[in-house]
There are 2 protein chains.
Amino acid sequence: MDLDRIDRQLLQALQHDARLTVAELAERVALSASPCWRRIKRLEDAGLIQAYQARLSSEALGYGVTAFVSVMVGSHSQDAARAFEARVTEIPEVIACHNVSGRYDFLLEVVAPDLNTFGEFARNTLQTLPGVKELYSSFSLKALKTERHLPIP
Amino acid sequence: MDLDRIDRQLLQALQHDARLTVAELAERVALSASPCWRRIKRLEDAGLIQAYQARLSSEALGYGVTAFVSVMVGSHSQDAARAFEARVTEIPEVIACHNVSGRYDFLLEVVAPDLNTFGEFARNTLQTLPGVKELYSSFSLKALKTERHLPIP
DNA sequence: GGTGAAAGCGAGGACCA
DNA sequence: TGGTCCTCGCTTTCACC
């Protein structure tokens, strides 16, 4: 899908604040409300805007620990990976999961109230997932940038 | 801040869809609009809801590559890390950055249009950041879970 | 903490250039 | 594409329980 300057401005604005009203957005991009609204709809329908979500504070929710867990699955058979994927994505504490290249097979982002709880979680839940051969956990000491705003081309 | 069952329901709902109207939320939690609105305001003011943001599709925006880059900074002096942090957070392609424990010092999430562009970016931008001693890049082969919804306690 | 009402405004559509 | 109007329903803030 082709994006002109106005589309990019809209995406940029909505990425920072999904609560902006069409009227506010329209003013910002120097358009009237209707065409502005239509553009946003178009961006949504095209899948460029995937969702509007509230970003919550993990600290305020009591998650003192954010960990990045690298996982190596035993055999590199399709089945082992498939089973692991199905199970790991269902775990609420695993807030993000990627199949990655390199020494490990998966990279997980995990939240936990404290190190103790995380330790138990790693031992009782992660370690017991199908095919898991090795875990390497790295803890976030300081979150420097977490808004995850994509650069608009 | 203490959260009761209704607060948690509201957070859960808004985390999935920030566009839900107060009226819809009120119905869902079996409350009338007014107190529901006050609760949401309270959650916002308490910092539990940090922002409302549109989640954009990196693929649709032309970012075919998502990489996780582990960075080791040379001396573990305060200054080197400080300088690195200041610079790295300003780079748009770096959509997330954590100071982490373990063998490496920082973990970055980076987007790029393709591997070629990423390679140049790593060489020309990341490698030249202050104090950088070693980079290890791991590429996302498949994003299995990216909504990053926090579990509500 | 909860309800209900009232004012004002935005969403979303019909229609025109 | 962009603009103008129109209407319905929602948000937001009251006063009050």
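Which oxygen of DNA strand D is 2.9 Å from an N or O atom in the side chain of B:Trp37? In this model that atom is a phosphate oxygen.

The model is predicted: local features need pLDDT of at least 70, side-chain atom pairs count only at pLDDT 80 or more, and totals for chains, interfaces and linings use all residues. Residues are numbered from 1 along each chain as its sequence is written, chains are lettered from A and ligands numbered from 1 in the order in which they are written, and side-chain values use heavy atoms, with hydrogens and water left out.

**View 1. Protein residues around DNA strand D.** A residue is near a molecule or strand if one of its heavy atoms lies within 4 Å of it. Chain A places Leu31, Ser32, Ser34, Pro35, Arg38 and Arg39 around DNA strand D, and chain B places Thr21, Val22, Ala23, Ser34 and Trp37 there. By class, this surface has five nonpolar, four polar and two charged residues; Ala, Val, Leu, Ile, Met, Phe, Trp, Tyr, Cys and Pro count as nonpolar, Asp, Glu, Lys and Arg as charged, and the others, Gly among them, as polar. Sugar or phosphate accounts for 56% of the atoms of DNA strand D within 4 Å of the protein, and bases for the rest.

**View 2. Polar contacts to DNA strand D.** A polar contact is a pair of N or O atoms within 3.5 Å; within protein, one must be able to donate a hydrogen and the other to accept it, and residues adjacent in sequence count only if both atoms are side-chain atoms. The side chain of A:Arg38 has an N or O atom 2.8 Å from a base nitrogen of DNA strand D. For A:Arg39, a polar side-chain atom lies 2.8 Å from a phosphate oxygen of DNA strand D. H3(A) gives the most, with four residues. Helices (H or I, at least four residues) and strands (E, at least two) are DSSP runs, numbered from the N terminus.

**View 3. DNA strand C and its contacts.** Residues around DNA strand C include A:Thr21, A:Val22, A:Trp37, B:Leu31, B:Pro35 and B:Arg39. A polar side-chain atom of A:Ser34 lies 2.9 Å from a base oxygen of DNA strand C, and an N or O atom in the side chain of B:Ser34 is 2.7 Å from a base oxygen of DNA strand C. The side chain of B:Arg38 has an N or O atom 2.7 Å from a base nitrogen of DNA strand C. Of the atoms of DNA strand C within 4 Å of the protein, 57% belong to sugar or phosphate and the rest to bases.

**View 4. The A:Arg39 to A:Asp4 salt bridge.** A salt bridge is a side-chain nitrogen of Lys or Arg within 4 Å of a carboxyl oxygen of Asp or Glu. A:Arg39 forms one with A:Asp4, the closest N and O atoms being 3.0 Å apart. A:Arg39 lies in helix H3 of chain A and A:Asp4 in the segment before helix H1 (5-16) of chain A, so the pair ties together parts that are 35 residues apart in sequence. Over all chains, a search of the whole structure finds 14 salt bridges.

**View 5. The interface of chain B and chain A.** Contact means heavy atoms within 4.5 Å, and 62 residues from chain B and 62 residues from chain A take part. The two chains bury about 6,100 Å² between them, 55% of it on carbon and sulfur atoms; buried area is the accessible area (1.4 Å probe) that two parts lose on being put together, summed over both. B:Gln53, B:Lys145 and B:Arg148 supply 13% of the area that chain B buries against chain A, more than any other three residues. Four salt bridges are found across the interface. In the one between A:Lys142 and B:Glu85, the closest N and O atoms are 3.2 Å apart.

**View 6. Strand pairing.** Two strands pair if DSSP finds at least two bridges between them. E1 (residues 49-56) of chain A and E1(B) run antiparallel and are joined by seven bridges, with A:Gln53 the bridge partner of B:Gln53. Four bridges join strand E3 (residues 94-100) of chain A to strand E5 (residues 132-145) of chain B, also antiparallel. In E5(B), B:Ala143 is the bridge partner of A:His98.
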